[in-house]
Protein chains: 2
Amino acid sequence: MLETVLAAARAGEQQSLEHLIELCAIPSVSAQPAHARDIRHASLWLSEHLRDIGLRADMRETAGNPIVYAEWRHPDPTRPTVLIYGHYDVQPPEPIEAWTSDPFTPTVRDGYLYARGASDNKGQFMAHVCAVESWMRTTGGLPCSVKFMIEGEEEIGGTHLGEFIARNAALLACDVAVISDSELLSRTQPVITQGLRGLVYLEVEARVATRDLHSGSYGGNVQNPAMALAQILAGLKDAEGRVTVPGFYDDVRVLSVAERAELARLPFSEANIVAETGASMAFGEPEFTVTERRGARPTLEINGIWGGYTGPGSKTVLPATASAKLSCRLVPNQDPATIQARVVDEIRRRCPPGVSLSFLFHGMSAGTLIDLDAPEIRALQAAAQDTYGARPLFALEGGSLPVVLDLQRALGKPIAMLGFGLPEDNIHAPNERFAIECYAHGIEASIRFLDAIGRMPSGRA
Amino acid sequence: MLETVLAAARAGEQQSLEHLIELCAIPSVSAQPAHARDIRHASLWLSEHLRDIGLRADMRETAGNPIVYAEWRHPDPTRPTVLIYGHYDVQPPEPIEAWTSDPFTPTVRDGYLYARGASDNKGQFMAHVCAVESWMRTTGGLPCSVKFMIEGEEEIGGTHLGEFIARNAALLACDVAVISDSELLSRTQPVITQGLRGLVYLEVEARVATRDLHSGSYGGNVQNPAMALAQILAGLKDAEGRVTVPGFYDDVRVLSVAERAELARLPFSEANIVAETGASMAFGEPEFTVTERRGARPTLEINGIWGGYTGPGSKTVLPATASAKLSCRLVPNQDPATIQARVVDEIRRRCPPGVSLSFLFHGMSAGTLIDLDAPEIRALQAAAQDTYGARPLFALEGGSLPVVLDLQRALGKPIAMLGFGLPEDNIHAPNERFAIECYAHGIEASIRFLDAIGRMPSGRA
């Protein structure tokens with residue numbers, strides 16, 4: 001049966017690609033209010049598509065963007081249930097001029113589909129949707145019960161999903177939740193996520209005057225908010241990349257020798273950093289390897305900075321204000337609220353006289369760790385190994401997925417995380433893409449995983 | 001003779017006001033293309049008016065707005081020549097709704113003429129025009145040769161005047177140039193501009209990666225160009241506002257006790273800074289007064305800064321690049337090229353490893369200092385003292401006036417700068433106005449100045 005479904009998926013590859021192209025053409029940018037209608041369009045498209053392939057599906061309204069919920073209940077109620085998570089919203093495409101083809105005109109080139117969201121996350125959750133479609137078309141049903149929960153606020157750290165999960169624990173009840181929102185190490189080396197970092201994201205505005213001032217009349221006689229902001233930010237890290245905020249590292253767990261050895265198996269080096277980013281060198285806390293710095297160490301980074309005249313040529317103004325967006329990645333043991341408060345306190349402490357600060361907070365989440373011995377995680381491991389031909393590595397990821405925390409808290413079940421994308425997919429950057437081969441492998445891995453879960457001891461939900 | 005001309009001017013006050021009202025009714029807003037015809041209308045009106053009062057006048061075309069040139073040559077060619085500068089273009093009047101009377105329906109209220117351009121600069125150069133008219137009507141000639149150069153791009157920082165001056169040095173040859181485009185300190189306290197600061201303006205870009213990176217995947221593992229730029233910029237000034245660039249102050253002339261005492265006569269205080277800017281306090285080199293910091297000390301200021309995600313909400317990127325626009329105001333003794341090189345060297349020296357820098361240069365100009373001992377400046381001083389009843393103060397201005405440098409370079413003669421406006425004239429703001437008394441005093445001062453120049457040793461031109 002499994003082989004028949006896999007063969008059907010292979011035969012339907014072109015159709016699967018067309019579905020993805022349709023979805024990627026919808027500019028569902030959650031960060032930009034101008035795209036509010038596109039957000040609804042994407043959620044509508046998805047719920048219709050899930051109905052088309054044989055699921056019960058609808059849009060669940062939230063105080064923010066709608067969540068697409070769909071399910072197929074196995075006639076045998078003792079069969080296990082898989083909950084599949086995805087997000088249909090995408091990052092802003094800017095700078096548009098850096099794209100070779102339009103970000104919302106999905107384009108196939110050299111074995112890749114180029115589009116904003118192709119890899120993060122439309123392509124990855126659509127692999128699961130296509131796997132379900134293959135099962136349904138080939139066998140008229142699925143080996144287990146399946147639920148989809150596809151949200152629209154992942155890229156803006158929206159809190160409405162957490163609320164939805166907390167209020168709908170019964171609806172979402174499952175034996176395992178699956179998330180594909182990460183990367184393979186290479187086309188033949190799968191990686192299962194063992195841990196994720198948390199996130200604190202804030203914005204600070206430094207203000208001096210009530211309007212931009214003439215730099216000839218007032219230069220040298222008032223604080224410059226851009227200089228004040230530079231001086232505040234410059235002091236938050238030392239010259240070797242350590243965060244200097246007092247207490248920042250207090251709750252960071254010291255890695256054991258065994259953990260450092262497991263992390264060292266990941267063939268991730270300074271050379272990777274250089275090759276993937278175009279930077280001339282890696283840079284970070286000198287006491288740790290790049291792999292440790294990515295997964296096991298917290299960070300503080302400037303995500304954006306602006307103030308004063310930023311157009312062409314010159315304008316002799318002193319800016320009235322200057323602003324920065326800042327975020328910290330957190331390891332599992334750190335409390336986001338505590339870290340946010342410490343960063344804010346330190347920014348305030350460093351603020352020079354004559355400058356007033358205001359803050360905006362763009363969400364926070366804690367880090368998470370997965371139990372690798374859970375049978376569902378072992379099933380994922382087997383499905384990945386059969387698909388890619390290599391035993392998966394286990395990674396402490398640098399990124400943050402608040403949904404993992406919310407699902408763990410509400411459902412108390414393992415979270416199986418296997419990424420279908422590649423490091424070179426340019427997610428969150430111009431020319432985002434998804435390898436068509438990766439899409440096919442994702443579909444296969446999902447087909448195998450559903451099969452394995454269907455054959456597990458029943459009644460865990 | 002002088003007294004007769006002054007009496008004639010007083011008798012003709014109403015007529016002088018009517019001329020100004022006619023000119024102010026023309027909305028010659030240079031920044032707004034919709035007013036292109038009004039710009040031509042104003043320049044045409046002016047050249048006709050200058051012909052009416054007995055000068056040879058015409059419009060000189062440039063690649064931008066026309067320059068009105070007029071002259072009256074004294075029959076005795078050894079008599080000195082005065083070149084009078086002004087600008088007939090005005091700031092945009094917006095927000096219109098904030099005006100009590102229409103900005104281009106000049107209205108007399110409470111001893112003021114209310115109109116856009118009444119003080120900046122139509123009223124001020126028309127005082128010179130009316131002074132010339134008084135001499136001509138009363139004596140049939142002038143005590144010296146007079147040239148007018150009235151441009152139409154001052155409010156848009158147009159470069160065509162500089163080109164015109166450079167190409168027409170012979171036409172503009174004079175013994176002294178006069179500029180009235182500034183303020184009295186009060187109705188009874190004239191101010192002669194002794195110095196203006198120069199300017200160096202540059203832009204620096206810090207680059208790390210070839211594209212924006214995901215802050216979860218790469219945060220903590222590469223340099224962040226926004227952080228690197230913040231660290232570079234933060235180090236260019238100390239916590240008290242002193243520029244730390246090595247050699248930055250080397251060529252700054254130390255003020256003598258007498259100079260400091262002269263500057264201290266200007267009643268400009270920290271309270272002014274607070275009232276005018278809305279800042280909570282003044283801030284700058286603690287060893288100097290606000291007046292000294294404005295005119296006698298060089299500055300380094302950030303005019304703009306940008307990098308990474310600057311839209312609404314959050315985007316978890318590490319910027320590929322971050323940039324800043326920086327400028328230095330220079331005092332007369334400083335060499336702009338030297339200062340630019342020192343700032344660039346220091347930025348390079350402070351650049352952390354893994355960050356590459358590139359620079360753009362947006363021009364430079366030196367500061368200017370007027371020789372107060374030049375007989376023409378002494379003549380201006382005497383004319384001002386006789387008119388206002390108080391010995392003029394000498395001000396070091398914080399801004400830069402390109403026309404002053406252009407005239408100095410092309411003509412090599414003293415620039416006599418005496419403003420006829422008041423600080424409360426609302427220039428560049430709604431309800432711009434010019435006190436009718438100030439207009440009359442401007443006319444008187446100009447009549448006296450022309451008389452004094454006419455009685456000077458001849459042949460300096």
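The model is predicted, and local features are reported only at pLDDT of at least 70, side-chain atom pairs only at pLDDT 80 or more, while totals for chains, interfaces and linings use all residues. Residues are numbered from 1 along each chain as its sequence is written, and chains are lettered from A and ligands numbered from 1 in the order in which they are written.

Between the two chains, 79 residues of chain A are in contact with 72 residues of chain B, contact requiring that the C-beta atoms, placed from the backbone, lie within 7 Å. The largest share of the chain A side, eight residues, is contributed by strand β11 (residues 301-308) of chain A, strands being DSSP runs of E of at least two residues, numbered from the N terminus. Strand β11(A) runs antiparallel to strand β11 (residues 301-308) of chain B, to which it is joined by five bridges, where pairing of two strands requires that DSSP finds at least two bridges between them. Within this pairing, Gly304(A) is placed opposite Gly308(B).

Within chain A, strand β2 (residues 67-72) is mostly covered, with five of its six residues buried, that is, having 20 or more other C-beta atoms, placed from the backbone, within 10 Å of their own. Strand β1 (residues 56-60) of chain A is antiparallel to β2(A) and joined to it by five bridges, with Arg56(A) opposite Glu71(A), and a hairpin of six residues connects β1(A) to β2(A). Strand β6 (residues 145-151) of chain A also pairs with β2(A) in the antiparallel sense over five bridges, Met149(A) being the bridge partner of Tyr69(A).

How values were computed. Helix = DSSP H or I, 4+ residues; strand = E, 2+ residues; numbered from the N terminus. Buried ≥ 20, exposed ≤ 12 C-beta atoms within 10 Å, placed from the backbone.
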